[in-house]
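Colleague: I have a structure open and would like to learn how to read it. Can we go feature by feature?

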Amino acid sequence: MVNWSWYPSGGDWTAVENLSQVYQLKGHKIIPFSMVDKRNYITPYDKYFVSNIDYRILNRQKSISNGIKVLKRSIYSAESRLKLKQLLDEVKIDIAHLHNLGPQLTPSILPVLKERKIPIIWTLHDYGMLCPATSFVSKDEICERCKNGKFFYCFFRKCKKNSFQASFVAALRSYILKFLDIQKYVDVFICPSKFLQSKFIEFGFDRERFEQLYNPYDIDRLSKYSGISLGNYDDYILYVGRIEKIKGIMTLIKALSDLKEIQLLVVGSGEKEEEYKKYVIENGFENIHFLGHLEKEKVIYLIKRSLFTVCPSEWYENLPYSIVEAMLLGKPVVGSKIGGIPELVIDGLTGFTFVPGDAVSLKNKITDLLSDRKKCEILGNEAQKHVAELVNIETHYKKMEIIFQKIIRN
């Protein structure tokens, strides 16, 4: 199981952790390959992990030497190849399941696996092989200028961290990956949403290498979180996620400007947190509360007590776990009609969808739910049934078993 981190680090890790548990329950042995980090879960195989590198620090400390270091490590990692070879010399691997390699591990490990005749499955968590910035977002808006291999746009528009240096490395990496045609090494790509799969095929990837499977989720894990009192918030709606422009939080704030009778709790942190807090204070929105980053147990508690949750994203979300968890807890969701969100939020059945970036459209959907609490409950029940079927562990594993047998036979 290959992922750039071996500790809770976001949605990709949630998928890795759930899938690892599924495999282990079915009798498979999981051998991790990742990067050294003090936050990693303990494993006897961490001696084969690649050395730690923090690109955020290197990008802040701009210098020629750091630039060369980033260029060498993030495009082709000789260390990743060496460490993986050492691991494979010790342990017989039947199948390699890749997740988010990132610039920490890099696709340089693919030929190593193929040389050993190890079948490769790759679960795609972002658009990194299509877009140098991995998100199809440039200057805080949806952008597909790099389609058909025009990755130079990433550099000229400073799509990566608003930095010429970071954007140059990202663009160069994309050109090299395209030249190497890395899909030829991969037996099966797993897509956690139909939307993500359609984008890869639209951009010229081989349809025959793709399977669409929603990431499994251990529903029972939600029951282990006990209630934790977190203040006297009542009659509220909830946002959970990063606080960035592309997440659409400002659209949500504006949608609530005339709905002073309802409270909005914002859980999460990010680069726009202070700016949005200031905006809320200056405009006297006393019904909007920023709670910052919270432990999982507290987040689950807030979801359980909320009326419903809102996902106002303005970029191509893949499979947002904030929606999955809310629905599993019986809450309807108001979500943007973009990316993979409509596969979870079915308008009028499991929640409501609205036009991304349109505060009036969002306000109308929120008002509709608030005006009919019985409907809110009915939608929540349907949401729970719908998403429980999509992320069912047994269903997922049965499909994976078919894939295992096929690629091993081949």
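Colleague: Start with the inside. How many cavities of 30 Å³ or more are there?

Modeller: Keep in mind that this is a predicted model. A cavity is space where a probe fits but cannot get out. Here the count comes to one cavity of 30 Å³ or more.

Colleague: How much space lies in the largest cavity?

Modeller: About 70 Å³.

Colleague: Which residues line the largest cavity?

Modeller: The lining consists of C131, P132, A133, F136, V137, S138, C143, R145, C146, Y153, C154 and C159. Two elements give two or more residues to it: β3 (137-138) and α7 (152-156).

Colleague: How does that lining split by class into nonpolar, polar and charged residues?

Modeller: The lining has 10 nonpolar residues, one polar and one charged.

Colleague: Now the cores. Which residues of the largest nonpolar core touch the most other members?

Modeller: A nonpolar core joins buried residues through side-chain atoms within 4.5 Å. The largest one here has 87 residues. Its members with the most such partners are L98, W122, L124, Y127, F200 and V324. Helix α13 (residues 321-328) supplies the largest share of this core, six residues.

Colleague: Take V324. What is V324 in contact with, leaving aside neighbours within four places in sequence?

Modeller: V324 contacts Y217, L319, L344, V387 and V391. There is also a second, separate core of 30 residues. Among its members are Y239, L256, Y276 and L370.

Colleague: Next, single residues. Is T106 buried or exposed?

Modeller: Buried means under 20% relative accessible area. T106 has 0% relative accessibility, so T106 counts as buried. T106 lies in the loop between α5 (102-105) and α6 (110-115).

Colleague: What does the side chain of T106 reach?

Modeller: The T106 side chain reaches the backbone nitrogen of S77 at 3.4 Å. The T106 side chain also makes a polar contact with the side chain of S108, at 2.6 Å. For sequence against space, take T106 and A78: 28 residues apart along the chain, 9.6 Å apart C-alpha to C-alpha.

Colleague: And K406: where is K406 found?

Modeller: K406 is in helix α17 (residues 393-409).

Colleague: Why does K406 count as partly exposed?

Modeller: Partly exposed falls between the buried limit of under 20% and the exposed limit of over 50%. K406 counts as partly exposed because its relative accessibility is 39%.

Conventions:
Residues numbered from 1 in each chain as written. Predicted model: local features only at pLDDT ≥ 70, side-chain atom pairs only at ≥ 80, totals over all residues. Heavy atoms only, no water. 1 Å grid on protein atoms, 1.4 Å probe; cavity = no way out; pocket = protein on both sides within 12 Å on 5 of 7 lines; lining within 4 Å. Points joined across faces, edges and corners; volume = space filled by probe spheres on them. Helix = DSSP H or I, 4+ residues; strand = E, 2+ residues; numbered from the N terminus. Nonpolar A, V, L, I, M, F, W, Y, C, P; charged D, E, K, R; others polar. Buried < 20%, exposed > 50% of the residue type's maximum accessible area, 1.4 Å probe, protein only. Contact = heavy atoms within 4.5 Å. Polar contact = N/O pair within 3.5 Å; in protein donor to acceptor, adjacent residues only side chain to side chain.
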